[in-house]
Amino acid sequence: MTITTGVPAPTHHTPLALARGFLTGGVIGTSLAALVVGGITANAPLFTAGLVLPVVYGLLYFLAGRPRRAREAAVVPRTALAMIEDLKAVGGESGDIPVRFDLTVVPDEGAAYRVEITQDVNLVDLGDYRPRDVVVVQYPADRPWRVRIVKRPTPEWEDRAASARLDAVPEAVRVAAPPAGCASGFLLLLGLLAGAAAVILPFRSDLLDQDDTAKPPSAVQPSVSSTSSTAVVSSASGTVALGPGQSFLDRGELDRAVGSLTRGEDTRRALTVVVQERLLSVVFSPTETQAPGLDPKALPYDRFPALVTEASTTLGIRSPRSWQIVTDRLTGPVVIRVVVTGPEGTASLEADGQGKVVRRLPAR
């Protein structure tokens with residue numbers, strides 16, 4: 001990665017950013033552990049805290065970021081000409097489809113550079129963009145990799161783009177967002193483990209005695225294992241782990257796994273369904289709570305591979321390292337979140353209960 005002279009140093013490793021990563025991991029770990037432990041031990045206050053904590057933290061995180069967003073919004077973006085080196089449609093099923101552009105940006109002041117962006121383009125306007133065409137772009141002065149093509153430039157810039165002839169620049173001057181690095185990821189994981197431990201340790205005796213003393217032996221559902229997968233089911237949760245060389249994105253694998261956890265019970269509701277490459281986790285709704293829950297057998301599992309592919313290829317993650325699908329219905333309709341992590345950071349998209357994408361959050 002090459003950054004042009006004058007661009008501020010990345011802020012991913014500042015003490016504030018690292019502390020924020022640790023705190024975010026702590027909130028995630030505490031919330032998930034509170035939901036699981038509260039459901040197993042029938043502790044309604046703890047279960048409720050697991051629902052409320054991420055909401056409160058999200059609100060505080062949003063409010064704390066308002067000054068930074070206001071400062072960024074106050075910066076007048078720079079306008080420049082750019083030449084399209086290459087473009088490729090990378091997905092989408094609606095009128096606006098994401099298109100990956102490889103651009104040579106030529107500012108009026110400063111050196112030209114290469115950048116790759118993804119921007120939604122209407123199908124009707126897709127024919128207006130071709131390789132070697134000159135377009136008008138804007139970008140923040142301190143973040144030259146955040147280039148956006150101006151769809152309706154001013155007449156002056158439109159005339160300049162129509163008459164300009166730009167030369168390509170080599171790959172050596174390509175600009176990209178600075179990677180997050182491993183320190184923030186390590187602190188996020190450390191915070192997650194610390195948050196989970198803070199909830200589990202005080203209730204460890206209740207967790208160990210719950211199934212043995214509160215229920216007769218016949219009420220505990222046994223583990224089911226085979227050569228290809230292992231399922232562990234209790235009254236509050238269930239997990240299925242696949243063997244090597246398998247994936248839950250394989251056709252029919254999720255339907256079979258969910259069926260092994262629900263045992264054919266049509267009325268069993270779930271709070272969350274989490275899918276990873278070879279691990280499925282389901283937290284069932286406690287009978288003592290009024291949480292709406294969701295039907296784990298009614299989810300659009302046939303859409304999950306396409307959602308993972310779209311999140312891995314259209315949101316700025318060039319080399320995906322891991323993915324995770326989290327489905328819940330804590331408040332309102334069913335929400336399916338696909339989170340993909342790579343060297344460029346974390347990107348996600350959200351879909352509704354039918355698997356239709358309703359929101360995209362590119363890597364930052």
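**Leucine on the surface**

Task: decide whether L32 is buried, partly exposed or exposed.

Solution. Begin with the value: L32 has a relative accessibility of 48%. Next, apply the cut-offs: buried is under 20% relative accessible area, exposed is over 50%, and partly exposed is in between, with a 1.4 Å probe and protein chains only. L32 therefore counts as partly exposed. Helices here are DSSP runs of H or I with at least four residues, strands are runs of E with at least two, and both are numbered from the N terminus.

A note before going on. The model is predicted, so local features need pLDDT of at least 70 and side-chain atom pairs pLDDT 80 or more, while totals for chains, interfaces and linings use all residues. Residues are numbered from 1 along each chain as its sequence is written, and side-chain values use heavy atoms, without hydrogens and water.

**The nonpolar patch**

Task: find which helix gives the most to the nonpolar patch.

Solution. List the members: I28, L32, L188, L189, L192 and L193 make a nonpolar surface patch of about 500 Å². Recall the rule: patch residues have over 30% relative accessible area and no salt bridge, with nonpolar side chains (Val, Leu, Ile, Met, Phe, Trp, Tyr) joined within 5 Å and like charges within 9 Å. The areas come from the Shrake-Rupley method with a 1.4 Å probe, and for residues only the protein chains shown count as cover. Now sort by element: helix 1 (15-41) and helix 5 (181-200) each supply at least two residues. Helix 5 gives the most, with 4 residues.

**The positive patch**

Task: name the residues of the positive surface patch, then locate R146.

Solution. The patch gathers R66, R69, R146 and R364. Lys and Arg count as positive, Asp and Glu as negative; His and chain ends are left out. Each charge is placed at NZ of Lys, CZ of Arg, CG of Asp or CD of Glu. R146 belongs to the loop between strand 4 (134-139) and strand 5 (148-149). With a relative accessible area of 31%, R146 is partly exposed.

**Aromatic pairs**

Task: work out why the pair of Y113 and Y139 counts as edge-to-face.

Solution. The whole structure has 4 aromatic pairs. In Y113 and Y139, the ring centres are 6.2 Å apart and the planes stand at 85°. Check the rule: rings of Phe, Tyr and Trp (its six-membered ring) pair if their centres lie within 6.5 Å; planes under 30 degrees apart are stacked, over 60 edge-to-face, the rest tilted. So the pair is edge-to-face. Y113 lies in strand 3 (residues 113-122) and Y139 in strand 4, so the pair ties together parts 26 residues apart in sequence. Y113 is buried at 2% relative accessibility, and Y139 is buried at 3%.

Take another pair. Y301 and F304 are edge-to-face, with 5.3 Å between centres and 75° between planes. Y301 is buried at 6%, and F304 is buried at 0%.

**Salt bridges**

Solution. The structure holds 15 salt bridges. Each is a side-chain nitrogen of Lys or Arg within 4 Å of a carboxyl oxygen of Asp or Glu. R160 and D108 meet at 2.9 Å, N to O. R160 is partly exposed at 29%, whereas D108 is exposed at 52%.

Task: say whether D328 and R337, joined in a salt bridge, are buried or partly exposed.

Solution. The bridge between D328 and R337 spans 2.9 Å, N to O. D328 is buried, at 10% relative accessible area. R337 is partly exposed, at 30%. Elsewhere, bridges that share partners join D102, R114, E171 and R174 into one network.

**Apart in sequence**

Task: find how far S237 is from I40 in sequence and in space.

Solution. Along the sequence they are 197 residues apart. In space, C-alpha to C-alpha, S237 and I40 are 8.1 Å apart. S237 lies in strand 9 and is partly exposed at 22%.
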